[in-house]
Amino acid sequence: MNDMHAASTSAPLLTLDKVTFRHRGQTLLQNISLTLSSQGSTIVMGPNGAGKSLLMRICHGLLTPTSGRLHWHDTGGRPPRQAMVFQRPVMLRRSAIANVTYALAVQGTCWRDRKPLAREALERFGLTDVAHRPARVLSGGEQQRLALARAWALRPAVLFLDEPTSALDPAAIKAVEDAVTDFGRVGTRIIMNTHDISQAKRLGDDVLFLCQGRVVEHNNAESFFLAPRTRDASAFVRGELVW
Amino acid sequence: MTTGRLLSALTGLGLALAVTTQASANEEEQFITLASTTSTEQSGLFEAILPQFEEKTGIEVRVVAVGTGQAFELARRGDADSLLVHDTTGEKAFVEEGYATERQPVMYNDFVLIGPADDPADIANAESVEDAFSRIADTEAPFASRGDDSGTNRAELRLWEAAGVEPGGEWYRELGSGMGPTLNTAAGMDAYVMSDRATWVAFDNRQDLDILFDGDEALFNQYGSLLLSEERHPDLKHDLAQQWHEWLISEAGQQAIAEYELDGEQLFFPNADAD
Amino acid sequence: MLSEDNAFITALQLILSLDQTLVGIVSLSMQVSLTAVLIASVLGLPLGAAVALWRFPGRGLVIVVLNAFMGLPPVVAGLVVYLLLSRAGPLGELGLLFTPSAMVIAQVLLILPIIAALTRQHTEERWEEYREQLTSFRVSRLRSIPTLLWDARFALMTVILAGFGRASAEVGAVMIVGGNIDGVTRVMTTAIVLETNKGDLPLALGLGLILLLLVALINAGAFLISEEAKRRLG
């Protein structure tokens, strides 16, 4: 049998212990226990309504589980520095560069360093020309790149991405995927939701497969796509509807 | 950035304004607050005589012009230093209740009966004011009453009583307004109305209205100045108020009142020696 | 007889002659209303944003009360402030009755609910949009208040102008607590009432036109500033 998952190959980062999330009487996540390693990129997959976005929000601390707990390992229980890029980027009503300096300001970056850091991040994502344009008039692709630049400036140890390319055209998708690779190259831990199997193959080191609020399979990406261990996962990989 | 700068400039401006407002309110001037009636204010009398008093004593008189009922209430609560009203009965009661220590007659003007020039109730030929009021009630011609417990309103109600009429019905319209608004309304609906002469002379929007009846002694409108009780409200500016009270009934004050004319007509007649 | 021409000519004459009394009345009007707007904004903007951000027991009641108080009749606000500031009232010691300060207090009472209630509505819309992102940035609720206010700034400019409009237009409250004292607490609206009472309708209307003109000028200024800012910042 294959090794359970990639997580065990390096030091653990985050452990979820029997995490359950209920909302209005419905159990949306049930008894999720898993451990994520401190390196690489995890792709969270599964059919609509499987609880992918919920799980990500719980890991990122936007939602509190109804029961169960999270444990961050090497930071002594305290969450490491992290950022999240949403499906639809949330742009503050200010210029592109001000969106980045704001994030730096609330993170406590000294005001003298904010502008240079922001400029560097914008340049890296090809946004120098639009730095002083209002963020909300940028195109969808530019906005998502700005969201990534904003995350970049924060130097996160962990980056969550919630279907960051689902509303973008192919060129913009390419830019986002390149950015994700860049993040990985500097050692940022990536946790990303996507519906796109080929994207998952390109970017993922391991895959977390969710179905109906449960973790059905957690496997390294290669094995998951070649030889899924579960019936649901193999149906999903073949492109069938999983229920 | 520009917006930021503009906003801070606006904030600064606002603060500066707040400070100036505060400063002008705090300036230590000698002044008293006088609760008085709309008739004295609107006729322009105060504008004529207050500067003379201020020049002599250095005391500014700030006039809050309200109905007589409200003026009594202001004084009762200690919100005015002095009181100049026209309701002899009420004034005497005010002294008896202990809110004022002294009442002095100051001057009088008179009430006039005003109505549409064609005079449907024919009050121009009435023999007395009681007769005039009876004629209005008999013909049920529209009559606009202040209905605001002012000195004029109280005087009007006493006259109805003297005429043996209990006013009411569709023709009798209680407006609950000051003299000016009541005249405006009366002009709009061609109603009879009782006004003090001073307000009427100073009033511009007369339309079809005219004085139809005047001169009856029962229409005399006596103004009195009250010295408020130090016991009730020790914090008031009693010294300054007393100077004002005494000036009003002094020769200089009485002369200032007599000299005030509007459109060549003397409106107030000093009579500090009455009673 | 009254005619509009008459009022326009009167207004024009008043403006051109720069009548000292008029200048005093106009500047007092503006001082009182701008001060009231400033104070009400300093209190109302954060208050409205706080109600938008925090969920607490009785929050619904607070919102209903704020909304209801937007319709507070000026006379009632005036009466409440009068009873507070009257010598016989709890704050009588301060001796503020019949001063411009009393008028400012009454106007703050009138427009604070407007500014707070409308701010609550606008910032709550922003908060729904920003909540996840700001939480992701680990921005505290307290720190979110200035963020939301700044990001709702164009809508809030209109809110503040609405407050200013109500403050400068109301007469019931300032009449009671100011007393319409010549040269001390007489403002545009109370002067208009006085002239109406004297039956000098052209003068009253002329003053009304001047008041309208001033309010229009201030609105135009605010409009230009916000258009310029919008052009630059979006």
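Analyst: We may begin with the division of chain B, for which the bounds come from an automatic or database domain assignment. Chain B is divided into domain 1 (29-109 + 221-270) and domain 2 (110-219). This is a predicted model, in which local features need pLDDT of at least 70 and side-chain atom pairs count only at pLDDT 80 or more, while totals for chains, interfaces and linings use all residues. Residues are numbered from 1 along each chain as its sequence is written, chains are lettered from A and ligands numbered from 1 in the order in which they are written, and side-chain values use heavy atoms, with hydrogens and water left out.

User: How many residues does each domain of chain B give to the contact?

Analyst: Contact means heavy atoms within 4.5 Å. Domain 1 of chain B supplies 19 residues and domain 2 of chain B supplies 17 residues. The C-alpha centres of these two domains lie 26 Å apart.

User: What area is buried between domain 1 of chain B and domain 2 of chain B?

Analyst: The size of an interface is often given as the accessible area lost when the parts come together. Here buried area is the accessible area (1.4 Å probe) that two parts lose on being put together, summed over both. Between domain 1 and domain 2 of chain B the value is about 1,400 Å², and carbon and sulfur atoms give 54% of that area.

User: How many salt bridges are counted between domain 1 of chain B and domain 2 of chain B?

Analyst: A salt bridge is a side-chain nitrogen of Lys or Arg within 4 Å of a carboxyl oxygen of Asp or Glu. The count between the two domains of chain B is three. On the domain 1 side, the elements that give two or more residues to the contact with domain 2 are α2 (38-42), α4 (68-76) and α5 (88-96) of chain B. Helices (H or I, at least four residues) and strands (E, at least two) are DSSP runs, numbered from the N terminus.

User: Which parts of the chain does the salt bridge between B:D87 and B:R154 link?

Analyst: The closest N and O atoms of B:D87 and B:R154 are 2.3 Å apart. B:D87 is in the loop between β3 (82-85) and α5 of chain B, and B:R154 is in helix α7 (residues 151-162) of chain B, 67 residues apart.

User: Is B:D87 buried or exposed?

Analyst: Buried means under 20% relative accessible area, exposed over 50%, and partly exposed in between (1.4 Å probe, protein chains only). B:D87 has 2% relative accessibility and therefore counts as buried, whereas B:R154, at 21%, counts as partly exposed. In another salt bridge, the side chains of B:R103 and B:E91 meet at 2.5 Å, N to O. B:R103 counts as buried at 13% relative accessibility, and B:E91 counts as buried at 0%.

User: Which residues have the most contacts inside the largest nonpolar core?

Analyst: In soluble globular proteins, nonpolar side chains tend to be buried together. A nonpolar core is a set of buried Ala, Val, Leu, Ile, Met, Phe, Trp, Tyr and Cys residues joined through side-chain atoms within 4.5 Å. The largest one has 127 residues, and A:L146, B:L83 and B:F94 have the most contacts inside it. Helix α2 (residues 20-53) of chain C gives the largest share of this core, 12 residues. Not counting residues up to four places away in sequence, A:L146 touches several residues, including A:M91, A:V100, A:L122 and A:L138.
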